[in-house]
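Thanks, everyone, for making the time this morning.

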Amino acid sequence: MAFPQEVTQEIVRICSPRRIFLYNEKRTLSTDKLKAASFCVVIPSGSDRDALLHDLYLSIDADIPLNFTLYTTSEWEELN
């Protein structure tokens, strides 16, 4: 899977998010090869966070480990 475009497309397909942030990438020091990535996804309020996380982890087939942190729109607004 192409990173990050195809991963982002899958997140959109699964969650219908309000925002997606790629907030961390781990790379090897010697080759700068991507080893892992973390996304923050802002989902609509009232969404089933557990079900969406389950779907994200099972549906996205990536060559590297992915981590997802989900916030509802109302939770995200409280942080701002």
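This is a predicted model: local features need pLDDT of at least 70, side-chain atom pairs count only at pLDDT 80 or more; totals for chains, interfaces and linings use all residues.

Let me begin with Phe-39 and Phe-68, which are both buried, where buried means under 20% relative accessible area, exposed means over 50%, and partly exposed is what falls in between, using a 1.4 Å probe and protein chains only. Residues are numbered from 1 along each chain as its sequence is written, and side-chain values use heavy atoms, with hydrogens and water left out.

How do the rings of Tyr-57 and Phe-68 pair? Their centres are 5.2 Å apart and their planes stand at 70°, so the pair is edge-to-face; rings of Phe, Tyr and Trp (for Trp, its six-membered ring) pair if their centres lie within 6.5 Å, with planes under 30 degrees apart counted as stacked, over 60 as edge-to-face and the rest as tilted. Because Tyr-57 lies in helix 2 and Phe-68 in strand 3, this pair ties together parts that are 11 residues apart in sequence. Helices (H or I, at least four residues) and strands (E, at least two) are DSSP runs, numbered from the N terminus. Phe-68 has a relative accessible area of 5%, whereas Tyr-57, at 40% relative accessibility, counts as partly exposed.

Across the whole structure, the search finds four aromatic pairs. The rings of Phe-39 and Phe-68 have centres 5.9 Å apart and planes at 20°, so that pair is stacked. With Phe-39 in strand 2 and Phe-68 in strand 3, the pair therefore ties together parts 29 residues apart in sequence. Elsewhere, ring pairs link Phe-21, Tyr-71 and Trp-76 into a cluster.

Turning to the sheet, three strands form an open sheet in the order 1-2-3, with mixed pairing; two strands pair if DSSP finds at least two bridges between them. Strand 1 (19-27) and strand 3 stand at the edges, each with a single partner strand, so one side of each has no neighbour in the sheet. Strand 2, residues 34-43, pairs with strand 3 in the parallel sense over seven bridges, and Cys-40 has Thr-69 in strand 3 as its bridge partner.

Finally, Asp-61 sits in the loop between helix 2 (49-59) and strand 3 (66-72), and at 61% relative accessibility it counts as exposed.
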